[in-house]
Amino acid sequence: MNQSYITQEHEIFRRSLRRFLEKEAVPCFEEWETAGRIPRLFWKKMGEQGYICPWADEEYGGINADYAYSVIIAEELDRVGTGLGSIGLHSDTVMPYIDSYGSAEQKQRWLPGAVSGELISAIAMTEPGAGSDLQAIKTTAVRDGEHYIVNGAKTFISNGIQADLVVVVCKTDTKAGHKGISLLVVEDGTPGFTKGKQLKKVGQHSSDTAELLFQDARVPIGNLLGEEGKGFYYLMEKLQQERIQLAICMLASCERMLELTVDYVKQRQVFGQPLAKFQHTQFKLAELSTEIKIGRTFVDQLIVSHMEKKNVVQEASMAKWWITDLAKKVASECMQLHGGYGYMEEYEIARRLRDVQVGSIYAGTNEIMKVIIAKNMGL
Ligand SMILES: Cc1cc2nc3c(=O)[nH]c(=O)nc-3n(C[C@H](O)[C@H](O)[C@H](O)COP(=O)(O)OP(=O)(O)OC[C@H]3O[C@@H](n4cnc5c(N)ncnc54)[C@H](O)[C@@H]3O)c2cc1C
């Protein structure tokens, strides 16, 4: 890799994180997949080492780290398994909402626990009847004195079961379209807020995904994030980083799948010679390697632009759809090169193939990414 934004300090950080994950995550990963979640103890260990929300201010326990540290964390977590991405979601998607739009009191209340790994967060946009069309959400929050009364249902929420805090997208004004959308922080234990069932997924088994239900849930008005009616704008701003994060994770997965397959074809003997000696194998891997390199070049440039705070809506949408589609292609081609072994659960490529499928669906589907790109092209 030739990542221009990575300094020697970043590399030292990467090496220690990789060592930490090899010791603390790799041996347990299968167990976590079976359990359907990552144990809280691991979150705390990550927090103790400074691997969660490193960007947070020192007064909240962070190290004021630049975005390159978040990139490294995302890549290294994905190297172990895509299911660990739920920690990245907490660290670089959900908690930045609190950091950017929260009041001083809210930051003081929630950031220290989020950084130490004691508090797990989630973001709840999607509803049974509204995914891509965010403006069609039906969850309402009606002011009643010092509380909002929240009613509605959310689904497919990552970290849903374990979450101590959920940023809930709701309508504070049902007549104002996207200008009626607000973000409310709902804490576990809030009367009227319950967690539904943990959903069984095709892949990413170690990350918990759940339904959330709100029946006259009483949320203190002090839990409103930013201003009423600004939620849609906050989402549009923060979704860019979520899409970049996903491209980073899926690219790391592509690199890992290629590495696994190159090793495999070198040792697998067929017709008296290593599989790697067949021109078909060489051409396939040469093609995948080229596409991954093109993806790496694009994503690295995107990271630099994002760190320079440029408007990256177009490029983030492009990276999101192209890299997540590439990951599906790489998984499928690499499984084919593994023959029957690739279809066996004990081979990592089998799990990788399952895990990458959702990349084209969440964080805005790939079709929605193309809608955004086309719109920005004036079409
Ligand atoms: C494992 C997992 C984790 C998730 N985690 C979260 C989470 O933490 N928080 C959260 O809020 N959500 C989460 N989601 C939900 C995810 O963001 C939605 O599933 C996604 O936005 C799509 O919404 P939908 O499922 O309702 O599909 P729909 O919106 O019903 O889309 C169905 C199909 O129609 C296509 N389509 C829709 N509109 C258009 C259009 N205008 N033009 C062309 N095609 C279109 C879509 O691309 C898709 O192919 C998660 C989903 C999964 C599977």
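The model is a predicted one, in which local features need pLDDT of at least 70 and side-chain atom pairs count only at pLDDT 80 or more, while totals for chains, interfaces and linings use all residues. Residues are numbered from 1 along each chain as its sequence is written, and side-chain values use heavy atoms, with hydrogens and water left out.

**Arg352**

Select Arg352, which sits in helix 10 (residues 348-356); helices here are DSSP runs of H or I with at least four residues, numbered from the N terminus. Arg352 is buried, with a relative accessible area of 0%, where buried means under 20% with a 1.4 Å probe and protein chains only.

Next, show Arg79, whose backbone oxygen lies 2.7 Å from a polar atom of the Arg352 side chain. Among the residues that Arg352 touches, leaving aside those up to four places away in sequence, are Asp78, Val80, Ser253 and Met257; touching means heavy atoms within 4.5 Å.

**The second largest pocket**

Select Ser100, Lys238, Gln241, His306 and Lys309, the closest to the pocket centre of its 21 lining residues. A pocket is an open set of points on a 1 Å grid over the protein atoms alone, where a 1.4 Å probe fits, with protein on both sides within 12 Å along at least five of seven lines, and lining residues have an atom within 4 Å of a point.

Colour helix 7, which gives the largest share of the lining, five residues. Finally, colour domain 1 (8-119) and domain 3 (232-376), which both give residues to the lining, so the second largest pocket lies between them; the domain bounds come from an automatic or database domain assignment.

Note on methods. Helix = DSSP H or I, 4+ residues; strand = E, 2+ residues; numbered from the N terminus. Buried < 20%, exposed > 50% of the residue type's maximum accessible area, 1.4 Å probe, protein only. Polar contact = N/O pair within 3.5 Å; in protein donor to acceptor, adjacent residues only side chain to side chain.
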